[in-house]
Amino acid sequence: MARQLPDTKFVGIDINEGAIENARELAKRLNVNNVEFVCADVFELDLGKKFDCVTSFRSLLDACELTTQGLNFVGYRPEREESYKNAFMGFAQTVAKHLGENGMLISVERYTAEYGWLGWMQALEECGIKMDTDKCEQMQAQDISGTKDYSVTFAGFGYEGRALDTFNDVLSRKFKSGTGYMGGMAEFALYYDSEGEIEFTDVIKGRRTIHQYAFATAKSGKRMYYDAANNNRKIKYYNDKKEQKMRDEFEAKLKLYDEDKFEIKKYNK
């Protein structure tokens with residue numbers, strides 16, 4: 001970026017001193033003079049200046065590794081995403097501290113719709129940073145171990161997009177009611193396409209929700225059956241004639257959990 005925009009001043013932050021030294025050496029070799037590297041903890045960072053643009057490319061996952069440790073992958077979405085919001089708050093506060101009034105945050109992260117992305121946007125929103133909804137998106141990119149999903153967030157103090165509205169807008173672009181889904185789109189379908197209360201059943205071990213089931217009615221009148229365990233989640237649409245079959249499948253799976261070892265929690269939301 002510094003080579004592409006020679007008239008722009010860049011500052012790179014990393015807590016790893018070795019990485020900072022490597023970056024400085026690379027800048028020297030490339031004869032790039034408009035970039036400065038600072039070795040610092042992002043949660044304690046205060047550069048005493050505002051920036052036109054703050055970028056975070058796949059850094060939230062590493063920076064918040066400790067604060068997100070032990071958080072649930074599955075469970076009631078508002079509660080789960082609230083826990084991620086709290087885990088990301090320190091990072092969001094640092095962004096807010098350094099982002100200019102008309103500046104923009106560009107964030108490309110491994111926290112996706114499956115879990116965490118909504119919480120990240122909610123943390124930014126709580127710091128006064130709203131979304132540029134039209135530019136926010138989901139994407140895939142090649143990583144060391146294969147193709148990975150990423151969330152793309154454009155945000156700043158001058159925008160008006162709310163976190164949940166933006167989340168719904170982005171996922172609804174590729175959503176089709178009545179279609180069975182896997183992954184993050186399955187959970188999105190449950191909340192976005194249901195009408196009336198959702199009937200949840202959580203399987204809990206200790207403090208972790210390890211499995212969640214849900215039944216709901218779609219806006220089209222079709223029934224929905226949701227099954228989620230860790231990163232494996234899916235939703236089926238079916239008609240009323242298959243209700244008993246779906247219930248029998250659910251009860252059979254639930255019986256696999258010994259109630260002496262697992263807490264079975266049922267509730268409607």
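Q: Why is R58 called partly exposed?
A: R58 has a relative accessible area of 30%. Buried means under 20%, exposed means over 50%, and partly exposed is in between, using a 1.4 Å probe and protein chains only, so R58 lands in the middle class at 30%. Keep in mind that this is a predicted model, where local features need pLDDT of at least 70, side-chain atom pairs count only at pLDDT 80 or more, and totals for chains, interfaces and linings use all residues. Residues are numbered from 1 along each chain as its sequence is written, and side-chain values use heavy atoms, with hydrogens and water left out.

Q: What makes the phi of R58 worth a look?
A: The phi of R58 is positive, about 60°, although R58 is not a glycine. Most residues other than glycine have a negative phi. As for its place, R58 is in the loop between β3 (51-57) and α2 (60-63); helices are DSSP runs of H or I with at least four residues, strands are runs of E with at least two, and both are numbered from the N terminus.

Q: Why does E125 count as buried?
A: E125 comes in at 17% relative accessibility, which is under the 20% limit, so it's buried. E125 is in helix α4 (residues 117-126).

Q: How do you know that the side chains of E125 and R162 make a polar contact?
A: The two side chains are joined at 2.5 Å. A polar contact is a pair of N or O atoms within 3.5 Å; within protein, one must be able to donate a hydrogen and the other to accept it, and residues adjacent in sequence count only if both atoms are side-chain atoms. At 2.5 Å, the pair is therefore inside the cut-off. Leaving out residues up to four places away in sequence, E125 touches K130, M131, R162 and A163, where contact means heavy atoms within 4.5 Å.

Q: Which residues touch the most other members of the largest nonpolar core, and what makes a set of residues a core?
A: W120 and L190 do, in a core of 54 residues. A nonpolar core is a set of buried Ala, Val, Leu, Ile, Met, Phe, Trp, Tyr and Cys residues joined through side-chain atoms within 4.5 Å. The top contributor to this core is α3, with 8 residues.

Q: How many residues in the lining of the largest pocket are nonpolar, polar and charged?
A: The lining has 27 nonpolar, 7 polar and 7 charged residues. Here Ala, Val, Leu, Ile, Met, Phe, Trp, Tyr, Cys and Pro count as nonpolar, Asp, Glu, Lys and Arg as charged, and the others, Gly among them, as polar. β3 gives the most to this lining, with 7 residues.
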